[in-house]
Amino acid sequence: MKGSEIRVENVTKRFGDFVAVENASFEIQRGEFFSLLGPSGCGKTTLLRIIAGFEDPSEGIIYLDGQNLIKILPNERPVNIIFQNYALFPHLSVFENVAFSLRLLKISESEIKRQVEKYLSLVKLDMHTKKYPSQLSGGQKQRVAIARALIGEPKVLLLDEPLSALDAKLRQHMLIELDSIHDEVGITFIYVTHDQQEALSVSDRVAIMNDGEVLQIGTPHQIYESPADSFVASFLGETNFLRGRVNQVNEEYAKIEIKELGELFVYLDKPLKINDVVKLTIRPEKIRITKQMPENLPDKFNVLHGRVDEVIYSGFQSKYFVKSGKFSFKVYKQHVNYLLDETPIKWNEDVFIWWNVDDGFIVEVEEE
Amino acid sequence: MKEKHRFSFTMFILTMIFFYLPIAVLIIFSFNEGKTMAWSGFSLKWYQKLFFESEELWKAVFNSVIIAIFSSLVSTAIGTLGAIGMYWYRFRSKKYIQVASYLPLIMPEIIMGVSLLIFFVMFKIPLSLLTIFIAHTTVSIPYVLFIVMARLEEFDYSIIEAAYDLGAKEIDTLFKVILPISMPGIISGFLMAVTLSLDDFVITFFVSGPGSSTLPLYINSMIRFGVSPIINAVSVVLIASTILLAVSTRRFYKYMFS
Amino acid sequence: MKKNYGPVYSLPLGLWITIFFIVPTCIIFIYSFLTKATYGGVQWQFSLEGYKALANTSFINVVWITVYISVISTFLTVLFAIPTAYYIARNKHKNQLLLLVIIPFWTNFLIRVYAWIAILGNNGFVNNILVKLGVIDTYIQFLYNQYAVILVIIYTYLPYAILPLYSSIEKFDFSLLEAARDLGATKAQAFFKVLLPNIKGGLATSILFTFIPALGSYVIPMLVGGKDSMMLGNIISRELTTTRNWPLASSISVVLTVITMIGVLLFLKLNKNNLESIKKLVVREKAGEESI
Ligand SMILES: Nc1ncnc2c1ncn2[C@@H]1O[C@H](COP(=O)(O)OP(=O)(O)OP(=O)(O)O)[C@@H](O)[C@H]1O
Ligand SMILES: [Mg+2]
């Protein structure tokens, strides 16, 4: 592996009284594709800029392969960044933009040419070397920025919302390309985004941030399937929240009493006591919806009866809002085979919604 | 359309007559045979006198050009660096420098002249080309500063950070990124400094010493002797050369930066 | 690690402006409280003589004349500038017409003053023609009075007044005027109620650009003015070089500076803007010449 490991230790950044990053600690593995995901203003850029060396942390230390980075100037860190606005040099051609870091070293012209061509072909931009940034499309600028950052062979590449200025189609495309570039160069990527889809689809691991705090770190699967708290759960895709009181606990499951709805079982992923007030969550695509009462269900399912309040058809799936008691559940149904599925469920029909007990999670516990 | 703007059209024409009548009279009488403002026949003799028999005047022109070049170079350097420092960074004395550099823009010229004169006398700096150079540099610095700043405003600081990030030291960043991107601003600042220096009379008048005459000072001393056809000729040459210079810098500018 | 190069870059600027602008300005202020030495210069002894000498009618008269001449010239300048700028801004060939305003602006300041001496002087163009036509026997003295000073101030600063007005009128949406006319406003009402409020910024700027330099006039009254048009600039120069009463020259300078600052503050009030805006305006105005 050519990349480095990064260790962020108790990093806090204050701007005056305002805390932009609060006591962040995590480790990034060699060659990992690591994402920092969070809503706008949560401190992602600030954290990235601290790693790049443009901001000094108010407290805490950053280690790169065990070496303290804090006292090292940005131009001496083996870390390169891709800015949100690309920050290409407007007065230099594509070739010279990419060659910038090599020209600072005493490298022969032929070697520079060879290297620049290599990296421009890596980002599939060999055709436009003589153009200036103002003559490029957004996607092409993006590629120049990537080539320019990679040519110095950094140990870590920092990407600050690199795709946010591109349109949706191109974003998808560039994301796949970024992933393959990551595979090819093999260095550590730290990828900042507020788009959960981006983060989930390419990252090895994701750190979720909110209000300057790192809330959860894990693989995309982990954070989506077992969110640490209700913020993480609702930030990553859609979800349903329910609030209730624990009235029975066994080894694997807890029974939660929910007012005006009934009793639900939930997988016990946290220690609970009787009478704790909990918030539990169940994702809409995990809930199944049928007109008939499902038969032969094992005990491991929660089943509720309700009425369809609204249907939003969107091609590959339909979204149902189902009223049960005083609760409205979001339920997503994939149309694997729409016509043959069963007779379509319509507005105001009586339905049953049911889900596997293992798919529900406790995200918050208030002890008695 | 014409009908609607009759009043403003009339005023425009009056203004143009007002602007150009004096200039036209100067041009016509620069070709006058006689010495007075009464026409007595066509002649180029005043131009001949101007170009071949006015050593003093050319000396003054030479001084003016020398001062303009040096003061513009120095004020461009100081103003440009200042703009870079003031636009992107925050530091303790910044507010002070900011205000101190606005003030010369609104200070009456005569006060600047008087205060510099008193300053030079107090510190026993002999009045000479050097003192004129200092005065002109001081006058031009704020203009260069703000013109270059206006240019920097077009760029995001991230391109400077990008340069550091790619391994550039401060000096590389300055010469390879900051100065090239601010070049149009630097050039206009420089041209402006040249213009201000060549045109300045009031401040120069106070801080010049014996033997350090500039063109405006020389013209002033000629004017005080009364109407002279040589001044007419000088005027025509000056007007022609400023127009020429303006048009060519404009061309150059368009060619360079578009 | 972040390094702050701001102070390094700004050091030459800070030093230069401090040494050659702030210090001299402070020296004037200090000098105005010192005692006059016999042969020019000062004695380092506190005195209010510099200010006491101002409390007489002839000085107050000079202040009055300075303000009076500046106000009248500014008023007339702006009066000409508005329709001219309006005409240029609404013309198809506005860039070419603008150049016509800018050429006199580029012409050397002294030459512009001299041109009027050549025309209106005792041996000037007009007198020569009038004598030749037999209208008069001997010359009429057109120059060396307040009117000549006002005329030449207008001539000098009219381009400065036209340019900011032009740029604000050019940005004005003229369909508003048509809408006002459509709603029954007279031409004059449309002008005062619709156009004028919308070009207030440009108007304020052109007033500032005429009034402030007019207050500090020195050359124009020196070359074309007479006894009735001695302005503050002229008596500063007189006290400095002829009478050699430096404390007095300094105190008058302080007065002129204060009057100027009052003018600038009035402008800021009118324009509801800060120092930043003046800077921008002044520079844009002057730099405008380069970029047009
Ligand atoms: N230099 C600064 N001075 C003061 N506050 C700052 C500074 N930089 C950032 N902040 C504040 O810190 C917070 C975090 O900013 P940051 O740029 O890290 O957010 P972000 O997560 O990158 O958001 P976005 O997705 O919008 O880019 C914001 O509230 C911002 O206003
Ligand atoms: Mg950000």
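Predicted model: local features only at pLDDT ≥ 70, side-chain atom pairs only at ≥ 80, totals over all residues.
Q: Why is the pair B:E161 and A:R49 called a salt bridge?
A: The closest N and O atoms of B:E161 and A:R49 are 2.6 Å apart, which is within the cut-off, so the pair qualifies. The pair crosses between chains, running from helix α7 (residues 158-165) of chain B to helix α1 of chain A. Helices here are DSSP runs (H or I, at least four residues), as are strands (E, at least two).

Q: What makes chain C and chain B partners in contact?
A: Contact means heavy atoms within 4.5 Å, and 92 residues of chain C meet that with 97 residues of chain B. The two chains bury about 8,600 Å² between them, 79% of it on carbon and sulfur atoms; that is accessible area (1.4 Å probe) lost on being put together, summed over both. In chain C, the residues losing the most area to chain B are C:Y9, C:W16 and C:Y114, together 10% of what that side buries.

Q: Which helix gives the most to the side of chain C that touches chain B, and how many salt bridges are there between these chains?
A: Helix α1 (residues 6-31) of chain C gives the most, with 20 residues. Salt bridges between chain C and chain B come to 0.

Q: How do you know that A:T45 makes a polar contact with ligand 1?
A: A polar contact is a pair of N or O atoms within 3.5 Å. A polar side-chain atom of A:T45 lies 2.4 Å from an oxygen atom of ligand 1, so the pair passes. The side chain of A:K44 has an N or O atom 2.8 Å from a ligand oxygen, and a polar backbone atom of A:G43 is 3.0 Å from one. The protein buries 62% of the 630 Å² that ligand 1 exposes alone. In the shell around ligand 1, α1(A) gives the most, with 3 residues.

Methods:
Residues numbered from 1 in each chain as written. Chains lettered and ligands numbered in written order. Heavy atoms only, no water. Salt bridge = Lys/Arg side-chain N within 4 Å of Asp/Glu carboxyl O. Polar contact = N/O pair within 3.5 Å; in protein donor to acceptor, adjacent residues only side chain to side chain. Areas by Shrake-Rupley, 256 points an atom, 1.4 Å probe, with all protein chains shown as cover.
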